[in-house]
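Subject: Structure handover

Hi,

Here is the structure I promised. My notes follow below it.

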Amino acid sequence: MANYTVKLSKAPKGHEIPPLLADVGAWIGNQSHGTLGWFDALAAEPVPKEWNPEKADRLHRDAFAFLQLPDGSLLALVNPGADAPWAVALVGSEGEARTVANSLEEFLALWARGETEVSDLDDEEGASGRKALAAWLKAKKVRAPKAKDFDFAAWLDGDAVPPASAPPATVHTFVPTAVMKKLGPKVQQLAALMGRRADDPEVIAYVTGVLGKKVPASTSENTDSVNVEAAKHGVEIVFSHDILNDAFLPIPKTAKTFIPYVSSAWVRSKVGEDVLGVPWKVKAEAEITKLLGPPTGRSAAFADEDALTVAYWDFALDTAEHVWLTLEFDESLTVTLAVDGGGALERYPDVTTGLFIGYAATRGLLDTSRFPAHRALLEAVATRKAKGSEFVKQALPRGLWDKHLREAPGLRELAWRWFHNMNGLWITADLKKTFGKRAGPFGHDAPKLDDDTWDAVDKAAPLLDKRFAEWIAK
């Protein structure tokens, strides 16, 4: 097998190749491709201007790429300034921007342990090569310097201050339920962190002290969640600012970055304790039913499937019912902890969203209890005295969610498919059929609809009535 490609003889204009990068590059050039994970080349090059045209000058001045990944993503060395060591950051092919390590030395140590959180480098097939890298680092006496945690996404944003209109962060006090108190100490400790901010001292102490991992400094629109996995501890945590729950509003850190919450977590067998007495190697649904009672319900294994084959048991862990424990059984046991949140039907509303809201309000499809501050406006829409778009503008600043619809069997599932073009259902196709089509702003055909007037709602109603006939209030 061929060795890795290494091109580090010359740095991009205005930069120098760090001696450590040159040394490790010479060593990697003698390793067989695949033994250290999957990457195209270890090569110094400018960060492409196209990745972020607005920040291209800063990236060219204070950063350069040194490792190319198969999906087009890059790893870059970034100068944080203030005499800090150059950090390593992910320049993602889909616009992701996050810190991988606070220094090149730390990055190499993480790579040797398979803990970079870059899947192509942490691949199990690279275990043998990582052991060799660890030995090389030990022989060269490479040690990571002490460095302040670097936030690449915030740095990229220029540490711009958040908008003055940003809402203040709400502090939540969770009162545990009886079920919470029945959990083992490890799962209970993790569950108590759900819904807390990433900068909460208890979150930091748990992630760094117990799991030996790092807390993500921020999230952004392009990277709305970050997973932190501690396989040896049986825990994988998801940090996100984008919890679709009105009690957990996004917390701006800079103009385009956010302080994330602990939004959910998977708990696995290596946590070392059963959950509510259910053994991890349970073989049948009946065994769980014997311990916990009948399932709360059943769901499909995938969103595009109709068969409800997965039994699940839901338990609120706080009296406000913000945090939930879910056990699922589908040939094996899956355990999750999560802040209750909806799914986005339409994250960026347009005229078609307003038309749907007008229709849904007159057909009793909306969960009116979710809009206490806009009850009068919703009533005005339901009685055709205001348009759906007026309600969208005032009451749906974060878009339309599945939980904005009534909790009726199958309604939210059908709406999810309809808004996301699944199983032959699609709002856009239905509205094009009703109103005709024209070129949309992004090159795709769109309905020929400019205003969600009540005449437009009435024109679409016959087709929509067929879609939602099962749930229309009589």
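Which residue of β9 does A230 stand opposite? A230 faces V235 there.

First, the ground rules. This is a predicted model, where local features need pLDDT of at least 70, side-chain atom pairs count only at pLDDT 80 or more, and totals for chains, interfaces and linings use all residues. Numbering starts from 1 along each chain as its sequence is written, and side-chain values use heavy atoms, with hydrogens and water left out.

Strands (DSSP E runs of at least two residues, numbered from the N terminus) β8 (225-230) and β9 (235-240) run antiparallel, joined by 6 bridges. Pairing takes at least two DSSP bridges. The two form a hairpin with 4 residues between them. In the turn, G234 has a positive phi of about 70°. Side chains alternate along β8: V226, V228 and A230 point to one face and are buried (under 20% relative accessible area, 1.4 Å probe, protein chains only).

**Helix α14.** Helices are DSSP H or I runs of at least four residues. In α14 (411-419), 7 of the 9 residues are buried. Among them are L411, L414, W418 and F419. The buried residues pack (heavy atoms within 4.5 Å) against β17, α11, β18, α15 and α16. Just after α14, N421 takes a positive phi of about 60°.

Best wishes

Notes. Buried < 20%, exposed > 50% of the residue type's maximum accessible area, 1.4 Å probe, protein only.
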